Amino acid sequence: MNLVSKCGIACSTCPWGPYPRNTMTAKDFDQYRNNAKRILGYMPIKTPCPTCQTPNSKIPAASKLPNLRCLIRQCVDKSGIANCAYCKRFPCDTVKATGGAWHRKSIEERLGTPISEEEYHMFVEPFEGISRLMTIRATFRSEEIVEPAIAHIKTEIAGFPENLPFPKDEKASFKAVHKLLTTIKESPLGLRDPDTFAQQRTLENRRAHVLRFLWILGCYGKFENDKGVYLVVDTNTYEANRGSEKTLAIWSFVKNTVFNALSEFGVRAERVALKGFKEEELATGTGYMRSRGWQMKMSFDEEIGGKPALEALQTYTRKLEEKYGKKAFQHFSDADMQVLLIKK
Ligand code: SF4
Ligand code: SF4
């Protein structure tokens, strides 16, 4: 059997799938699960995934896998193809992030030691989705490769209220914040093919995380001292206010995606290790930021308004929080500044 998932993973040999465990005793399976955990960092679940090629209607309701919200699975289905190898935009960034995350080099780097050939074939090779899809694609005729499903989603951005009751320079700082939010909302944030279904959803998710980061630092951040040009939040404040943007807990995502995206717009963000902590102690083996030992800092370049714009961000987000509570972030995401028109 040679069953391939929609993102190129080998379902026939996947430790989470139904097949390898079929031939194992309960004891062997326990050992196999522990080995998978040691090498991959995650323990295969006891109830097997029926594979993502199984239609939704045939997946048992209690099944934890496949992930029914998987963007690649939805994109492939909407595009009417069996897997991403048939797609003209392959490999899009969404499939690269999933089908390309685990391979021999990335696993050995994380473990800090080489793995044996047997371990490689048993636990790592099944997940080398991108190279598997490339091999499959090389066998196609050009007419077998098709355009993927395209998404048409309108971006909501409120206009800047020109009649703000603030002195000219303060108004200019609010306008700088509005421009920053608008630019972020209109940007593909480094993603290629943002018109495809999977990439559009990836973009929405990425945008929400970038805006949430700005929100946390803006609303709950403090200036270090009177002369400070940074807003700073401590670990607990950062963790308590991540909202639905849960990937803000994963350091590689924050560093490579959020910080990089913000730097394009003149926003400098960094995680700083506190005294007595080393960089390598700040995240778990699976990449989650630990709940101690660091703080987040953020500043604005002069070109986007510098410290006055940072202060305007703070005023704006705090007013939103005061007026709208849990719904404040939505107004922020829409760059809605009507709240600044309300007199105390
Ligand atoms: S977890 Fe993914 S690769 Fe493994 S069996 Fe399920 S769909 Fe296939
Ligand atoms: S656009 Fe959709 S079908 Fe095409 S490679 Fe990306 S996830 Fe796969």
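A: Helices here are DSSP runs of H or I with at least four residues, numbered from the N terminus. Keep in mind that this is a predicted model.

Let's start with the core. The largest nonpolar core has 44 residues, and the ones touching the most other members are Val177, Val210, Phe213, Ile216, Leu217 and Tyr316. Several elements give two or more residues to this core, among them helix 7 (168-186), helix 10 (251-264), strand 3 (267-273) and helix 11 (306-324). Helix 8 provides the largest share, 10 residues.

Now for ligand 2. It has 15 residues around it, and Cys75, Cys84, Cys87, Cys92 and Ala198 come nearest. Helix 2 (71-79) and helix 3 (93-99) each supply at least two residues of that shell, with helix 2 giving the largest share, four residues. By class, the shell has 11 nonpolar, three polar and one charged residues.

Last, a helix pair. The axes of helix 1 (residues 26-40) and helix 5 (residues 117-124) come within 10 Å and cross at roughly 95 degrees, so these two helices are roughly perpendicular to each other. Where they meet, helix 1 brings Asn35, Ala36, Ile39 and Leu40, while helix 5 brings Glu119, Phe123 and Val124. That contact has five nonpolar, one polar and one charged residues.

Conventions
Residues are numbered from 1 along each chain as its sequence is written. Chains are lettered from A and ligands numbered from 1 in the order in which they are written. This is a predicted model: local features need pLDDT of at least 70, side-chain atom pairs count only at pLDDT 80 or more; totals for chains, interfaces and linings use all residues. A residue is near a molecule or strand if its C-beta atom, placed from the backbone, lies within 6 Å of it. Ala, Val, Leu, Ile, Met, Phe, Trp, Tyr, Cys and Pro count as nonpolar, Asp, Glu, Lys and Arg as charged, and the others, Gly among them, as polar. Axes are lines fitted to C-alpha atoms, for helices over the stretch in contact, and angles run from 0 to 180 degrees between N-to-C directions. Angles under 35 degrees count as roughly parallel, over 145 as roughly antiparallel, 65 to 115 as roughly perpendicular and the rest as oblique. Two residues are in contact if their C-beta atoms, placed from the backbone, lie within 7 Å. A nonpolar core is a set of buried Ala, Val, Leu, Ile, Met, Phe, Trp, Tyr and Cys residues joined through C-beta atoms within 7 Å. A residue is buried if 20 or more other C-beta atoms lie within 10 Å of its own, exposed if 12 or fewer, and partly exposed in between; C-beta atoms are placed from the backbone.
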